[in-house]
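Biologist: I would like to learn how to read a sheet. Can we go through one together, step by step?

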Amino acid sequence: MIKTAAPIVVLTGAGISKESGLDTFRDAGGIWSKVRIEDVATPEAFARDPDRVHAFYNARRHSMLDADVKPNAAHLALARLEKTWPGGVLIVTQNIDNLHERAGSQALIHMHGELLKSRCGRCGDVQPCLDDLSVAMACQACGELGVLRPHVVWFGEMPLHMDAIEEALACAGLFISIGTSGNVYPAAGFVEIVRDYANGHTIELNLEPSAGASAFNEAIYGEAGIVVPAYVDRLLDKL
Ligand code: BJW
């Protein structure tokens, strides 16, 4: 039984946005079946061939801004949970899309960054970014040419806001992991932090068992647009 005063931490991954029309990474036909991580998602790749990395993220930004890409029933259910749950709800997303905020979620951490922002590799200035990035652009804060990059976290880089995330995990009464394959750390280890430090209940909502499935107390498998609203209803029915 989950106490209604228990803080909830929700971890989301690419699977929650699949039904909104955005590709996952590791499923058949996913992003990593089309491009190699070492070519587009490491700081070394960007240093070696920034045009290629910009082209990859510019194309994904175009896809994300397509009028058909909208929050789905899972994003909307989590926003409803945040508005209603007495103990508070924090969403930690690995996704760089903006579908949680468009659904109305407010307590939200983008641990792998945001595609609709740029960052200066020299001074660290972060700016909104709706258009293509290129090496020909200058940072509007420091004026340096050719140093703007997408505001995303590549392999080998430190995810964002880790202190706040670990603090929330260490006192979570309920941890819900949605649409993530559990292959990428540190996110894949969050379930263990909740179990070891908060003794909270842990549940995985995914299409199939993730790499870390055995670490969870409970699991429900199915499409996020179906299983997430049903699970949120189950929690809110207890209020
Ligand atoms: C559905 C569904 C539907 C489908 N409904 N479900 C050895 C060498 C070098 C590094 C390492 C190493 N060993 C460990 C590391 C660390 C490394 C790492 O984890 N590597 C592993 C691959 C082994 N991690 C890092 O480098 C991270 N930094 C780091 O560790 O810093 C040091 C540190 C130390 C101590 C504390 C803290 C930090 C950085 C990782 C950065 C990841 N970046 C990316 C790209 C971001 C930008 C972008 O989007 O391009 O993030 S990679 C990619 O994977 C992206 C995702 O956020 C991330 C996770 O993927 P996700 O979301 O799980 O997607 P999928 O596709 O894998 O899974 C989708 C799931 O959904 C599947 O299960 C489906 O079944 C399911 N599904 N349809 C419900 N309709």
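Modeller: Start with one pair of residues. Threonine 12 has threonine 93, in E2, as its bridge partner. Keep in mind that this is a predicted model.

Biologist: What holds strands together in general, and in which sense do E1 and E2 pair?

Modeller: Strands of a sheet pair through backbone hydrogen bonds, either parallel or antiparallel. Here E1 and strand E2 (residues 89-93) pair in the parallel sense, over five bridges.

Biologist: How many bridges join E1 to E7?

Modeller: Five, and these two strands run parallel.

Biologist: Where does E7 lead next?

Modeller: To strand E8 (residues 201-206), joined to strand E7 (residues 174-178) by five bridges. Leucine 174 stands opposite histidine 201 in E8.

Biologist: What is the strand order of the open sheet?

Modeller: The order is E3-E2-E1-E7-E8-E9, six strands with parallel pairing. Strand E3 (108-110) and strand E9 (218-221) are the edge strands, and each pairs on one side only. On average, neighbouring strands are turned by 15 degrees against each other, direction ignored.

Biologist: Which helix packs on the sheet?

Modeller: Helix H9 (residues 224-236) does, touching strand E1 (8-12), E7, E8 and E9. The direction of H9 makes about 165 degrees with that of E7.

Biologist: Is E1 mostly covered or uncovered?

Modeller: Mostly covered: five of its five residues are buried. Ile8, Val10 and Thr12 point one way, while Val9 and Leu11 point the other way.

Conventions. Residues are numbered from 1 along each chain as its sequence is written. This is a predicted model: local features need pLDDT of at least 70, side-chain atom pairs count only at pLDDT 80 or more; totals for chains, interfaces and linings use all residues. Side-chain values use heavy atoms; hydrogens and water are left out. Two strands pair if DSSP finds at least two bridges between them. Helices (H or I, at least four residues) and strands (E, at least two) are DSSP runs, numbered from the N terminus. Axes are lines fitted to C-alpha atoms, for helices over the stretch in contact, and angles run from 0 to 180 degrees between N-to-C directions. Contact means heavy atoms within 4.5 Å. Buried means under 20% relative accessible area, exposed over 50%, partly exposed in between (1.4 Å probe, protein chains only).
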